[in-house]
Amino acid sequence: MGIQRIESATYGIDDLDECVRFFEDFGLLLVEKTEEHAVFETLTGQTLHLDSRPGPQLPPPVEPGPTLREVVWGVDTAAELERLVAAVGRDRTVFESVDGVHHCVDETGFGVGLALARPRTVTVVPRPANALGNVTRWNSFLQPIDRVRPLRMCHVALNIPKQGKDEALAFYLDRLGFRATDVVEPMGVFMQAAGDDDQHTMLLCHRPDKAGVNHIAYEVPGFDDVVEGGNHMIERGWREARRLGRHTIGSNVFRFLHAPCGGRVEYAADMDRVDDSYETRVHETTPPHHIWALRTNRDQETS
């Protein structure tokens, strides 16, 4: 089948301790830390790498300051991995590191890795909800979520220059087997990996003249996790990047935070799932960013 999921992401950073504090607060599990490097895991076994002195195996950063340097994609079988490595290696250097990851660079300059996927099974139990005619919670009371723990990295969004966008897109569609699910002609292309059922696994956002990381989204079990996770981050002193809302494309509930590693991170829940019968939608104009976003007039002065 091909690519199943994001396997790992690596950032080049300035302040390791600050980044470690951020992702511990965010809810990832710290599994390794040295003076120059830290590794976090999601509950499904994906890894986040933070490097204050990135090694020569990573390409140069595509933007100044801390930023995303490489995304490694997990592939389902050794045969598919061999096929994809051959496809990307037709016109660029690919090298294999000792951990079995095959590394190359995409058209924009972002590092791209390919490796066998090693998913870890996790049991997801959403909070029971009540509605008229559909009661699932009897004689029990909800408590605050003690700790929001992201299940997985569910998608990555990259900013790419508008000039050359077709070639940048073709690398992922033609070489790596992604398919376009929503094409927003003025803004970018949402893509789904071959082995994923999320409405999008990746987004390439067109920008007039610059490249950079936009965000990585982390799925959490439900709406309450998005709200309470964001509240916890604000209480810990981190800055929210966008108010709570629900996206138009993908339909997921979201909350964004500025991250010291570069770009933003997103708590996400309730993403649309689509199968092969879903036909690519082409939008000549950019749809509204969200179906709804949190509004309040509670703090406005009244006369």
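Student: Which residue in β18 does His258 stand opposite?
Tutor: Strands are DSSP runs of E with at least two residues and helices runs of H or I with at least four, numbered from the N terminus. Residues are numbered from 1 along each chain as its sequence is written, and the model is predicted: local features need pLDDT of at least 70, side-chain atom pairs count only at pLDDT 80 or more, and totals for chains, interfaces and linings use all residues. Side-chain values use heavy atoms, with hydrogens and water left out. In β18, the residue opposite His258 is Arg264.

Student: Over how many bridges do β17 and β18 pair?
Tutor: Two strands count as paired if DSSP finds at least two bridges between them. The hairpin of β17 and β18 has 5 residues between the strands, and Gly262 takes a positive phi near 115° there. The pairing is antiparallel, and the bridge count is 6.

Student: What is the bridge partner of Arg246 in β17?
Tutor: Strand β16 (residues 240-247) pairs with β17 in the antiparallel sense over 4 bridges. The two form a hairpin with 5 residues between them, and Gly250 in the turn has a positive phi of about 100°. The partner of Arg246 in β17 is Val253.

Student: How many of the 6 residues of β17 are buried?
Tutor: Buried means under 20% relative accessible area, exposed over 50% and partly exposed in between, computed with a 1.4 Å probe on protein chains only. Strand β17 (residues 253-258) is largely enclosed by the rest of the structure, because its buried residues number 5.

Student: In the open sheet of 8 strands, which are the edge strands?
Tutor: The order is β2-β3-β4-β1-β5-β8-β7-β6, with mixed pairing. Within this sheet, strands β5 (residues 67-75) and β8 (residues 111-116) run parallel and are joined by 6 bridges; Gly74 has Ala115 in β8 as its bridge partner. An edge strand pairs on one side only, and here these strands are β2 (29-33) and β6 (95-96).

Student: Phe23 and Phe26 form an aromatic pair; what is the angle between the planes?
Tutor: Rings of Phe, Tyr and Trp (its six-membered ring) pair if their centres lie within 6.5 Å; planes under 30 degrees apart are stacked, over 60 edge-to-face and the rest tilted. Both residues lie in helix α1, 3 residues apart, about one turn of the helix. The pair is edge-to-face, with 6.2 Å centre to centre and a plane angle of 85°.

Student: How far apart in sequence are the parts that Phe26 and Tyr218 tie together?
Tutor: Phe26 is buried, with a relative accessible area of 0%. The centres of the Phe26 and Tyr218 rings are 5.1 Å apart and the planes lie at 75°, so this pair is edge-to-face. Phe26 is in helix α1 and Tyr218 in strand β15 (residues 212-219), so the separation of the parts is 192 residues.

Student: How many disulfides does the count give?
Tutor: A disulfide requires a pair of cysteine sulfur atoms within 2.5 Å. The sulfur of Cys19 is too far for a bond, because the closest cysteine sulfur, in Cys261, is 5.5 Å away. For Cys154 the closest cysteine sulfur, in Cys205, is 14 Å away, also too far for a bond. The count of disulfides is 0.

Student: Is Asn139 buried or exposed?
Tutor: Asn139 is in the loop between β10 (134-135) and β11 (152-161). Although not a glycine, Asn139 has a positive phi, near 55°. With a relative accessibility of 78%, Asn139 counts as exposed.

Student: What is the phi of Asp270?
Tutor: Asp270 lies in the loop between β18 (264-269) and β19 (281-283). Asp270 counts as partly exposed, at 48% relative accessibility. Asp270 is not a glycine, yet has a positive phi of about 65°.
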